Amino acid sequence: MDKQDIYLVLGGGAALGYAHIGVIAELEKKYNIRGIIGTSMGSIIGGLYASGLNPVEILEIAKEINLANFLKKNIFGFRKGLLDTEELLKSFNQFTNNVLIENLEIEYAAIAFDLYGIAPKYIPETVIIKQGCLSSAMVASSNLPFLNNPFKYQGRYLIDGGVGFPLPIEFVGCFKEELPIIAVNVLPSLLYDPSQLEVEEVRNEKKISNDFFFINALKANIYNQAYLALNSIQNVKPDIYISAHISSLNAWDFDKVDEFYALGIKSVNESLQRINDEDDIIDEITNKSKNLFKRIKKVFNYLKNNT
């Protein structure tokens, strides 16, 4: 039986994105992946796969790079930023053999964000990278703004594409054909009611050391991107939506590659089993979002009338 051709959308999420490796390993058994568009870690995993590496090889690379140890060694390197993009670029060049995007066997695109824009207006904007050095596209798309200076590439000053589109379903149209879309979101769902801070509340104070700077910044970034990803899902419905997230694994768990890999495989199987209910799942997300905003508005109206 011939495999169905599809385009794959891989979202960002730091270490959460390692789940994409398992997702690809399982999807390629059933589908012919004709193109990959990714943001941040999604662009890295997708880029490695597009370069010809198989999921097992990518899994070993993820363990070899060991970003957890790399970050610990560089946690106080604020002069140039915490992440040494030059070292990452060298590693990616080695893994991908300096291949150009236009020479890949499958279509590929990475989403980054230009922090300054170009002349004459200099307006910050989202950038789709579809040509040029693959490893540079991977670095640009995953260049977290609170960890490093903008990555200069093709006259642009680029940072993580998740600033605008952590799950870039909107840009699949940049590919040549119209194929079914499978979107993989590794970010948490945050569709629950906010709580109101009470003056009388007393919390146990938690002592925060400098080591928590990276974790706190990353956590805030992940939560912000989670909302943006949910917006993308509602704006453009993929043909298949896969949520590969579990609360027991964190965005900074770079040393838990095998656990993320297993999660990716499990998430694909669960999603494909309920494939006939995909529209209902996305509609449920949409309805939850609408109801959340209605409840927030109701709370604000109550506070306005009673204070």
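**Exercise 1. Decide whether S43 is buried or exposed, and find what touches it.**

Step 1. Take the accessibility. S43 has a relative accessible area of 0%, so it is buried. Buried means under 20% relative accessible area, exposed over 50%, and partly exposed in between, with a 1.4 Å probe and protein chains only.

Step 2. S43 sits in helix 2. Helices are DSSP runs of H or I with at least four residues, strands are runs of E with at least two, and both are numbered from the N terminus.

Step 3. List the contacts, meaning heavy atoms within 4.5 Å. Not counting residues up to four places away in sequence, S43 touches G38, Y108, A110, M138 and S141.

A note on the source: this is a predicted model, in which local features need pLDDT of at least 70 and side-chain atom pairs count only at pLDDT 80 or more, while totals for chains, interfaces and linings use all residues. Residues are numbered from 1 along each chain as its sequence is written, and side-chain values use heavy atoms, with hydrogens and water left out.

**Exercise 2. Work out how many residues of helix 2 are buried.**

Step 1. Go along the helix, residues 41–50. The buried residues are M41, G42, S43, I44, I45, G46, G47, L48, Y49 and A50.

Step 2. Count them. The result is 10 of the 10, so helix 2 is largely enclosed by the rest of the structure.

Step 3. Look just past the end. There G52 takes a positive phi of about 115°.

**Exercise 3. Find which residues of helix 3 are buried, and how they are arranged.**

Step 1. Pick out the buried residues of helix 3 (residues 55–65): P55, I58, L59, I61 and A62.

Step 2. Look down the axis. These buried residues fall within an arc of 160°, so they line one face of the helix. The arc is that of the directions from the helix axis to the C-beta atoms.

Step 3. Recall the geometry. An α-helix has 3.6 residues a turn, so residues three or four places apart point the same way.

Step 4. Check the other side of helix 3. V56 and E64 are exposed there.

Step 5. Name the cover. The buried residues of helix 3 are covered by elements including helix 1, helix 2, helix 5 (85–96) and helix 8.

**Exercise 4. Classify the ring pairs Y18–F254 and Y116–Y157.**

Step 1. Start with the total. The structure holds 6 aromatic pairs. Rings of Phe, Tyr and Trp (its six-membered ring) pair if their centres lie within 6.5 Å; planes under 30 degrees apart count as stacked, over 60 as edge-to-face and the rest as tilted.

Step 2. Take Y18 and F254. Their ring centres are 6.2 Å apart and their planes stand at 80°, so the pair is edge-to-face. Y18 is in the loop between strand 1 (4–10) and helix 1 (19–27), while F254 is in the loop between strand 8 (240–243) and helix 8 (257–273), 236 residues apart. Both Y18 and F254 are buried.

Step 3. Take Y116 and Y157. Their ring centres are 5.8 Å apart with planes at 85°, so this pair is edge-to-face. Y116 lies in the loop between strand 3 (107–114) and strand 4 (125–129), and Y157 in strand 6 (residues 156–160), 41 residues apart.

Step 4. Y116 is partly exposed at 47%, and Y157 is partly exposed at 34%.

Step 5. Look for a cluster. Ring pairs link Y18, F254 and F260 into one.

**Exercise 5. Describe where S232 lies and what it contacts.**

Step 1. S232 belongs to helix 7 (residues 212–235). Its relative accessible area is 2%, so S232 is buried.

Step 2. Leave aside neighbours within four places in sequence. S232 is then in contact with F165, L167, I169 and E170.

Step 3. Compare sequence and space. S232 and P166 are 66 residues apart in sequence, yet 8.6 Å apart from C-alpha to C-alpha.

**Exercise 6. Find the backbone features at A14, N97 and P120.**

Step 1. Recall the background. Most residues other than glycine have a negative phi, and most peptide bonds are trans.

Step 2. Phi of A14 is near 55°, a positive value. A14 lies in the loop between strand 1 and helix 1, and is buried at 12%.

Step 3. Phi of N97 is near 60°, a positive value. N97 lies in the loop between helix 5 and strand 3, and is exposed at 64%.

Step 4. A cis peptide bond joins A119 and P120, with omega about 5°.
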